[in-house]
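Dear colleague,

Please find below the structure that I am handing over to you. The notes that follow it set out what was found.

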Amino acid sequence: MSLDISDICTLFARKGGRAYEGEGVTQLEHALQAAAIAEAEGASPPLIAAALLHDLGHMLNDLGDTPTLRGLDDRHQYAALPFLRGRFGDDVLEPIRLHVEAKRFLCATRAAYYDGLSADSRRSLALQGGPYDEAGVAAFIARPHAADAVKV
């Protein structure tokens, strides 16, 4: 089963108002900000779409507010893929699938990135395996679509 555009809009309308814990921004605002930044930086249309949809899995999983406080990683990076497959190609889906790993990469390679994370994002990072070690950094960035995931 895949989502069509109206289903995505409905999902944002119904669940996009949920705020990210401690970040002062809703799911919808975060999605729109990410897409606007990608567009302003001259990203390709598929990368803009990936930026817009990268956290859709949070709304599909619907584990309630702040699952990290309960020690849960909702694995949102995978949740949206079955619903988006068939509507989008790998140039959209792979950056979505890899964006959590991209966070691990960025935290390992850019101290300022880690320093800028909210408390909730730091909790999710720990649940997701923490920053990559040197071998993890090299292995991640060598993967297809990893560079685009870092941009997301």
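A50 lies in helix α3 (residues 45-53); helices here are DSSP runs of H or I with at least four residues, strands are runs of E with at least two, and both are numbered from the N terminus. This is a predicted model, in which local features need pLDDT of at least 70 and side-chain atom pairs count only at pLDDT 80 or more, while totals for chains, interfaces and linings use all residues. Residues are numbered from 1 along each chain as its sequence is written, and side-chain values use heavy atoms, with hydrogens and water left out.

A50 has a relative accessible area of 0% and is buried (buried means under 20% relative accessible area, exposed over 50%, and partly exposed in between, with a 1.4 Å probe and protein chains only). Leaving aside neighbours within four places in sequence, A50 is in contact with V92, P95, I96 and V152, where contact means heavy atoms within 4.5 Å.

Two packed helices are described by the angle between their axes and the distance between the axes. Axes are lines fitted to C-alpha atoms, for helices over the stretch in contact, and angles run from 0 to 180 degrees between N-to-C directions.

The axes of α3 and α7 come within 8 Å and cross at roughly 40°. That makes α3 oblique to α7; angles under 35 degrees count as roughly parallel, over 145 as roughly antiparallel, 65 to 115 as roughly perpendicular and the rest as oblique. On the α3 side the contact is made by P46, L47, A49, A50 and L53, and on the α7 side by D91, V92, P95 and I96. α3 passes α7 in a right-handed crossing (a crossing is left-handed if the near helix is turned anticlockwise from the far one by less than a right angle, and right-handed if clockwise).

Helix α2 (residues 27-40) also packs with α3, at an angle of about 160° and with the axes 7 Å apart. That makes α2 roughly antiparallel to α3. The crossing of α2 past α3 is right-handed. From α2, the residues A31, L32, A34, A35, A38 and E39 meet I48, A51 and L52 of α3.

F88 lies in the loop between α6 (81-84) and α7. At 22% relative accessibility, F88 is partly exposed. Not counting residues up to four places away in sequence, F88 touches I8, A49, L53 and L93. The C-alpha atoms of F88 and S6, 82 residues apart along the chain, are separated by 15 Å.

The axes of α7 and α10 come within 10 Å and cross at roughly 135°. These two helices, α7 and α10, are therefore oblique to each other. α7 passes α10 in a left-handed crossing. Here L98, E101, A102, F105, A108 and T109 of α7 meet V137, F140 and I141 of α10.

How many aromatic pairs does the count come to? Rings of Phe, Tyr and Trp (its six-membered ring) pair if their centres lie within 6.5 Å, and planes under 30 degrees apart count as stacked, over 60 as edge-to-face and the rest as tilted. By this rule the count comes to two aromatic pairs. F105 lies in helix α7 (residues 90-109) and F140 in helix α10 (residues 134-141), so the pair ties together parts that are 35 residues apart in sequence. Y132 and F140 form a stacked pair, with 6.1 Å centre to centre and 25° between the planes. F105 and F140 are both buried, and Y132 is buried as well as F140. Together, F105, Y132 and F140 form one aromatic cluster.

The structure holds zero disulfides, a disulfide being a pair of cysteine sulfur atoms within 2.5 Å. C9 is partly exposed, with a relative accessible area of 49%, whereas C107 is buried at 9%.

H145 lies in the loop between α10 and α11 (146-151). Phi of H145 is near 75°, a positive value in a residue other than glycine. H145 counts as partly exposed, at 28% relative accessibility.

Yours sincerely
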